Amino acid sequence: LVTSHECSYADSSGETDEHHASTTNTEDFESEVTASSDSSTSVSSTTQSKIDGGSLFAYRVPIGKDAWKTKPWTRSVIATGFKVQGQLSNMINPGAPGFVYSFFPTREGGIGSDKKWHRPLIGLSGDCAESAYILRPIEEDTIEVGEDRSTKYALMCEIKCSSTVGSLAVGYDDFYTTVAEQQSGYAKIYVPCYEQDKVLVFALGSGEDEDVMEDGW
């Protein structure tokens with residue numbers, strides 16, 4: 001998993017600039033993307049070649065002895081549309097998104113409540129997009145020719161922080177308090193908000209008391 005950390009600004013001027021991006025062909029990774037007129041960060045999950053702003057890519061390592069040295073690495077676009085929220089505080093090396101992490105919702109790993117193995121969640125720091133993102137795996141009956149099923153993800157939630165979001169952290173230890181609502185063994189996500197001098201903490205849970213989509217977790 002690789003992020004582009006691209007400096008495409010969220011522009012509220014109303015002008016739309018045409019953008020051009022490279023295809024998923026591993027022989028040509030360079031892309032030219034200009035500012036978009038979208039004033040908010042809009043993230044979409046796709047394996048198509050169209051790229052809009054900062055993106056999250058997946059590269060598949062070729063199979064075979066030493067194949068990673070000589071064979072092409074197939075690239076898929078997992079998510080795109082990350083835009084820098086221009087602020088005085090992030091004028092130095094602005095870009096979005098930031099670092100990416102994969103993790104499982106529980107300490108047990110990839111075995112869900114349905115006793116089947118599931119792909120991990122993806123945590124993504126928006127950096128100058130001023131949000132953190134959690135992506136969940138989705139299963140589809142049909143895929144297009146050339147698509148990698150393992151790169152199918154959808155936006156699970158966006159955590160808007162109104163400040164630069166640094167590197168996320170994930171742990172499974174319980175909070176040292178009886179006040180915080182939590183379920184033992186579930187992941188805790190730590191989101192640093194630089195300009196606010198805060199670290200936000202979110203706890204995952206089973207969702208048994210809520211009307212949630214049943215996807216095995």
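This is a predicted model: local features need pLDDT of at least 70, side-chain atom pairs count only at pLDDT 80 or more; totals for chains, interfaces and linings use all residues.

Biologist: What is phi like at Asp66?

Modeller: The phi of Asp66 is near 60°, which is a positive value in a residue other than glycine.

Biologist: Where does His5 lie, and what is its phi?

Modeller: His5 lies in the loop between β1 (2-3) and β2 (44-45), and its phi is positive, about 45°, although His5 is not a glycine. With a relative accessible area of 28%, His5 is partly exposed.

Biologist: OK, switching to the inside. Which residues have the most contacts within the largest nonpolar core?

Modeller: That core has 15 residues, and those with the most contacts inside it are Leu56, Ile78, Phe82, Ile122, Leu124 and Leu135. The strands β3, β4 (74-82), β6 (121-125) and β7 (131-137) each supply at least two residues of this core, with the largest share, three residues, coming from β4.

Biologist: Let's stay with β7 for a bit. How many of its residues are buried?

Modeller: Seven of the seven residues in β7 are buried, so the strand is mostly covered under a limit of 20% relative accessible area. Both of its faces are covered, with Ser131, Tyr133, Leu135 and Pro137 buried on one side, and Ala132, Ile134 and Arg136 buried on the other.

Biologist: Which strands does β7 pair with, then?

Modeller: Four bridges join β6 to β7, and these two run antiparallel, with Leu124 having Tyr133 as its bridge partner in β7. β7 also pairs in the antiparallel sense with strand β8 (residues 153-160), over seven bridges, and there the bridge partner of Pro137 is Tyr153.

Biologist: What sits between β6 and β7?

Modeller: The two strands form a hairpin with five residues between them, and Asp127 in the turn has a positive phi of about 55°.

Biologist: Now the open sheet of three strands: what's its order?

Modeller: The order is β9-β10-β11, with antiparallel pairing. The edge strands are β9 (169-171) and β11 (198-203), each of which pairs on one side only, and the twist averages 25° from one strand to the next. Three bridges link β9 with strand β10 (residues 188-193), where Lys188 is the bridge partner of Gly171.

Biologist: Back to loops. Which peptide bond is cis?

Modeller: The bond from Ala96 to Pro97 is cis, with omega near -5°, and Pro97 is placed in the loop between β4 and β5. Phe99 is also found in the loop between β4 and β5 (100-103), and Phe99 is exposed, with a relative accessible area of 55%. Its C-alpha atom is separated by 8.1 Å from that of Gly166, which is 67 residues apart from Phe99 along the chain.

Technical notes: Residues are numbered from 1 along each chain as its sequence is written. Side-chain values use heavy atoms; hydrogens and water are left out. Two strands pair if DSSP finds at least two bridges between them. Axes are lines fitted to C-alpha atoms, for helices over the stretch in contact, and angles run from 0 to 180 degrees between N-to-C directions. A nonpolar core is a set of buried Ala, Val, Leu, Ile, Met, Phe, Trp, Tyr and Cys residues joined through side-chain atoms within 4.5 Å. Buried means under 20% relative accessible area, exposed over 50%, partly exposed in between (1.4 Å probe, protein chains only).
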